[in-house]
Amino acid sequence: MSQEKLAKEIVELVGGEKNVESLVHCATRLRFVLKDDAKADKAKLEKTEGIIAVKENGGQFQVVVGNKVPEVYSAIGQISNILDDSSDKEKPRKAAKGLGGIIDIISSIFAPLLGVMAGAGILKGLLLIASNIGWLETTETTYTILYAAADSLFYFLPLLLAVTTARKFQGNMFVAMTIAGALIYPSIVTLKSEGTPTDFFGIPVILMNYSSTVIPIILAVIVMSKLEKFFNKTLHDSVKNFVTPLFLLVIMVPLTLLVFGPFGVYVGNAIAAGLVAAFGFSPLLAGAVMGASWQLLVIFGIHWGLIPVFINNVAVYGQDGVKPAATASIFAQTGAAFGVMLKTKNKKLKTLAGSSTLTALFGITEPAIYGVTLPLKRPFIAGVIGGAVGGAIIGQAGTLAFASGAPGLLTLPIFYGPGGQGFPGLILGIVVSFVVSAVLTYIMGFKDPVEEETKTESTTSAQQSVRAANASDEIVFSPIEGTIVELSEVPDPAFASGAMGKGIAIEPTVGRVVAPFDGTVTVAFKKKHALAVVSDTGAEILVHVGVDTVKLDGQHFVSHIKEGDRVQAGDLLLEFDIAQIKAAGYHTVTPIIVTNSANYEEVIPQATGQVHSQELLLKLTSGSDQEQK
């Protein structure tokens with residue numbers, strides 16, 4: 001599928017352009033903020049070719065597309081106005097609160113910078129290696145030029161964060177950049193470096209080094225955006241375009257130097273000191289926890305809360321001892337995907353696991369996690385265990401990061417410091433995490449999809465044999481997996497009495513309804529709780545999920561059909577959430593009724609106890625068939 005076509009489908013399935021409040025992307029995900037999440041068709045998105053997974057975390061609707069995310073993001077910009085800051089927007093939805101709101105803010109601010117941050121971090125790491133082993137002297141002009149290219153992003157980080165923060169809070173990004181520029185303006189830097197006593201109209205100013213800082217400018221731009229909206233509403237249209245920026249600069253630059261700057265630096269340093277203390281208390285235990293939990297944090301989006309800490313550590317201390325242990329988690333999930341590739345007999349899964357392994361080696365783990373290890377469960381657990389072992393080794397070795405960048409093969413140079421201290425421990429840790437995870441995955445095993453394919457093939461053969469042996473009868477295969485229940489035991493008189501027709505009921509253990517035979521969908525209820533299918537030979541089957549579930553108004557149900565659809569035995573028709581339906585106070589026992597029972601001499605149940613979908617459930621015999629027998 002072309003990137004333009006994929007972009008068009010994504011925009012349509014998230015509810016259309018008008019439903020998108022904002023969009024940013026990170027290394028593998030399109031991160032939407034939608035006005036109404038209910039308008040997005042998550043089920044269809046997950047089934048769309050080119051989409052790895054769909055997640056809802058931290059107030060964001062995240063569509064995982066892998067390494068091609070920049071191209072898809074660009075294509076969305078070409079086919080819509082979503083990326084156009086000047087486009088008219090409808091009233092945004094209410095912002096997420098609490099932890100979800102914080103994660104949304106942090107990810108929106110940092111996600112656009114991750115690519116260039118990784119590139120600059122790699123270059124900085126390579127320069128560290130080159131200088132440490134004597135390939136380049138730090139006094140050479142070649143080194144100076146390359147180091148400027150590598151370090152400029154981090155030195156001027158407040159300027160870049162001013163842009164992304166202003167965009168997030170719909171403030172004037174040029175005013176925001178000007179405020180950030182004032183923090184690192186040469187004369188201000190000179191006052192700090194020379195220790196000159198500084199005041200603002202008699203109020204003492206505590207000067208800080210704001211290069212590479214994170215929190216001060218974010219706080220300043222958030223407040224600036226609020227003030228900007230106030231002034232724009234208060235001032236006359238004829239003057240607000242230049243008076244508002246004037247007021248913002250006069251108020252925000254001193255206020256940032258007096259309050260937000262010192263506060264932000266102190267808070268950042270306190271958080272960093274706390275994590276450093278944890279690693280100082282027990283580097284082995286802290287490393288194990290970080291190595292085991294990092295990918296879990298990524299899945300829930302909570303890892304964004306730690307990224308500013310990593311950056312702050314490098315800015316303040318010139319190094320970070322927390323991030324290296326997270327690298328073990330990356331290579332652990334890579335090893336788990338590799339173990340799946342070695343063990344599976346399913347060609348499609350083997351190909352997916354192989355490509356995901358290669359991608360994960362370079363730090364992009366979403367395809368491996370969402371496409372391979374997490375759906376199979378045990379491989380993901382193996383990855384968590386492997387990450388804990390590797391993280392413990394890295395933590396104990398005292399490995400440090402000297403620049404920012406997503407952990408992966410290409411960014412290993414950022415962990416190589418003076419004399420290479422801790423670097424051998426990092427290499428050992430990631431190798432061990434990879435090997436342990438791969439071996440555990442192979443030993444623990446998983447439900448190989450090839451088993452399901454074989455089962456389906458044998459079931460199909462059995463169905464064909466049944467049809468051949470009973471050419472004169474109508475055969476109905478089970479549309480649901482679960483436990484057989486007598487129709488008379490259904491807690492609904494209309495079904496229990498047989499007034500709706502003869503049949504049987506199933507207490508489902510899996511929330512899926514599939515076609516009971518080849519035929520046509522005649523009824524697809526708008527509430528999604530029931531459907532009717534007629535076979536090619538005239539049998540009419542009603543599947544009613546639960547009792548009184550029409551009152552749920554479609555909640556906890558996902559329909560995959562519409563009236564008139566042609567279906568084959570085993571096609572997915574409907575999905576439902578058993579736990580949620582029960583939690584809402586409704587029975588999930590599902591009557592399966594032959595609504596034209598009068599056309600048949602007998603409706604004979606063929607299953608008892610547990611029944612799997614597509615196993616023989618009912619046999620319908622006609623009067624003429626009985627006479628022939």
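Modeller: Buried means under 20% relative accessible area, exposed over 50%, and partly exposed in between, with a 1.4 Å probe and protein chains only. This is a predicted model, in which local features need pLDDT of at least 70, side-chain atom pairs count only at pLDDT 80 or more, and totals for chains, interfaces and linings use all residues. Residues are numbered from 1 along each chain as its sequence is written, and side-chain values use heavy atoms, with hydrogens and water left out.

Colleague: Is Ala53 buried or exposed?

Modeller: Ala53 belongs to strand S3, residues 53-57; strands are DSSP runs of E, at least two residues, numbered from the N terminus. Its relative accessibility is 8%, so Ala53 counts as buried.

Colleague: Which residues is Ala53 in contact with, leaving aside its neighbours within four places in sequence?

Modeller: Contact means heavy atoms within 4.5 Å. With those neighbours set aside, the partners of Ala53 are Gln62, Val63, Val64 and Tyr370.

Colleague: What distance separates the C-alpha atoms of Ala53 and Gly371?

Modeller: Along the chain, Ala53 and Gly371 are 318 residues apart. Their C-alpha atoms are separated by 7.4 Å.

Colleague: How far is the charged end of Lys343 from the centre of the ring of Tyr442?

Modeller: A charge sits over a ring if NZ of Lys or CZ of Arg is within 6 Å of the ring centre and within 35 degrees of the ring normal. Lys343 is placed this way over Tyr442, and the distance to the ring centre is 4.6 Å.

Colleague: What share of the 629 residues is buried?

Modeller: The protein has 629 residues. Of these, the buried share is 48%.

Terms used:
Helix = DSSP H or I, 4+ residues; strand = E, 2+ residues; numbered from the N terminus.
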